[in-house]
Amino acid sequence: MATKSSPEAPLIPPRPTRVAAAETPKAALASPVVIAGVIVAALYFGREIFIPIAIAVLFSFVLGPLVDLLRRLRLGRIVAVAIAVATALGIVAALSTLIGVQVADLAGDVPRYRDTIERKVEGLKGSALGRATDYVANIGRAIHQAGNEADAGAAKPVAPPADPAKPEEKPVLVEMRERPPGPIETAGSLLSPVLKPLATTGIVFVVLLFILMQKEDLRDRMIRLAGSSDLHRTTVAMDDAARRLSRYFVVQLALNAGFGVVIGAGLYLIGVPNPVLWGIFTALMRFVPYVGAFLSALFPLALAAAVDPGWNMVVATAILFVVLEPIVGHIVEPMLYGHSTGLSPFAVLVSALFWTWLWGPVGLLLSTPLTVCLVVLGRHVDRLEFLDVLFGDRPALTPVENFYQRILADDPEEVQEHADLILQECSLSAYYDEVVLKGLELAARDAARGVLTPEQKSAIRESLSGLIEELAVRSDETPEAPTAAARRLITGGERTAPACGREPIAPAPSAIPEAWRQEGAVLCVAGRGFVDEAAAAILAQLLAKRGIGTRVVPFSDVARARIDGFAPGPARIACIISLAISGEPTHLRRLVERLRGRMPQARIVVGLWRADDEILGDAPRLAAMGADENVISLRAAVEAVIATIQAEPGALSAGLAASLAGTGSAEPKRAPSDLAGA
């Protein structure tokens, strides 16, 4: 199996070979749908077999750490597996017995609660709610009675007159007596409710034994089915996935069990009958997404209303659930196993509906654990990556793709919101470098292929101008405390993470010499690409935030036809910005020559942002352009200007030297990969 591509992989894959629609067989198009239909049908009609297997697989993740612990204690695999399975079987048997006793006790006490329920119903009838309910019921009865009378008057049959000469027939009484059941029938009626659960439990633990005994063999078969071409990395990935699932399920089981114990103890102190039953029920319902918390509180509240003549017990029970559930869900769970299960909320809802339709109530309990398993497989197996895309909570597109898609869709508000989220983690220059410029590279590639219309180019330029204007008030510093949403976007995996580095080393604005503060001290000259002027405006904005005077020069002002009328003003350095995509940028060489002729004393820097590696790795071709320096990022361009200021005779004041020394010794900010590892 080929492992997933690294962050250094090219953003745009090679253009695929076009295949005519007539050459695509219909069977190939229908095969995924057919395969999915066959799998769903097999899961539905074979649920008697697949449900125990699914439960056994989930149990294997829970018991896996216990087996490993026993193996480290020098016990053989057979003994360790036998002890772990016997322990689990004993716990399940004890809980089942306890639940049965509690349910029988509750069923016997139900008649005692009838009087309390009737009195509360009578009390509700006297309230405003009861009067409104009676009013609606009276209207319904009146409508129903009027309809019945109309039907009776229209279709009332006329009975024939009785014949006085005919004797009246007397009905014959027939008495039906059932044959008393025999011993076998009695035993069958008593055992039938428990035979199916016992059979399912037996299958679960038999399959569990084999899974734990053959764990490595099953893992190897999964790797072979995945078609791996790198056994080492795939084995490490599968083992890591198994460890993560085991840790997650163990923590979730322990957390839900602890929550059930606390709820049971609280209900016992409140006085709700059968608190053990409701504690177990609450622990089980916490596996059910969204509605589990509501269902776990519904039955204890109803029982409290039936037991207590007043409403104090109901209020206390409601407070118990309302206080504990948010604490566990929003404080304890993130502390124990992260912010979420790794599933998107929509995926959790859809999976709950799907598994409930497929397997009933058992499917509802297993929906989230099963979907978590599928998402983990999707993150480690290339052929199943679509599961992670469909159900995972990581963004489907990278921040660069998100940015380009939103400016292409002419949605400036979404572009701004996306920028605000990323800027909670990255500095402004890092956002420009790692998101905006790479997004502009995609736009430049599409323009080179001729797929962008003039209207789309105009919309992209307007969106970029609005974004740059909105970000003018932001400082170029890395935030210290990103929000959870920003951390999830930036550290959501290699598919989504921009490499946010530290901001460029720069002095304080007050340390910049006066000559460099004049407007136009640095010329940001745009190349001839349709997004080059926006890139030049970005560089000008970052330099202005450091107190350096700038001026954006469109390519039209320095074109061959107008270069004689170009006035450089107080320019001390010119930065030419070009998103060169392919080929030798000969027009840049000519542009450098024209600028050199107009401002011979100024330093010229060429920013070949996002150029091909073929160009960047060819030193003679770069030297042939005639620039004093070549840079490939915003950060490098800003630091090239700062270095020019520093090297100018007499310009390095004491304040500037101290500022540069302070920033140069500063520790770099942590990259998102470091944050994710922490």
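Helix α21 (residues 532-544) and helix α25 (residues 634-647) pack with their axes 10 Å apart, at an angle of about 50°, where axes are lines fitted to C-alpha atoms, for helices over the stretch in contact, and angles run from 0 to 180 degrees between N-to-C directions. The two helices α21 and α25 are therefore oblique to each other, the word for angles that are not under 35 degrees (roughly parallel), over 145 (roughly antiparallel) or 65 to 115 (roughly perpendicular).

This is a predicted model, in which local features need pLDDT of at least 70 and side-chain atom pairs count only at pLDDT 80 or more, while totals for chains, interfaces and linings use all residues. Residues are numbered from 1 along each chain as its sequence is written, and side-chain values use heavy atoms, with hydrogens and water left out.

Helix α21 also belongs to a right-handed β-α-β unit with β1 and β2; right-handed means that, with the strands pointing away from the viewer, the path from the first strand over the helix to the second runs clockwise. Strand β1 (residues 522-526) is largely enclosed by the rest of the structure, because 5 of its 5 residues are buried, that is, under 20% relative accessible area with a 1.4 Å probe, counting protein chains only. In a regular strand the side chains alternate between the two faces of the sheet. From β1, V522, C524 and A526 point one way, and L523 and V525 the other way.

Strand β1 pairs in the parallel sense with β2 (residues 550-553) over 4 bridges, and with β3 (residues 573-578) over 5 bridges, pairing being called when DSSP finds at least two bridges between two strands. Within these pairings, V525 stands opposite V553 in β2, and C524 stands opposite C575 in β3.

Methods:
Buried means under 20% relative accessible area, exposed over 50%, partly exposed in between (1.4 Å probe, protein chains only).
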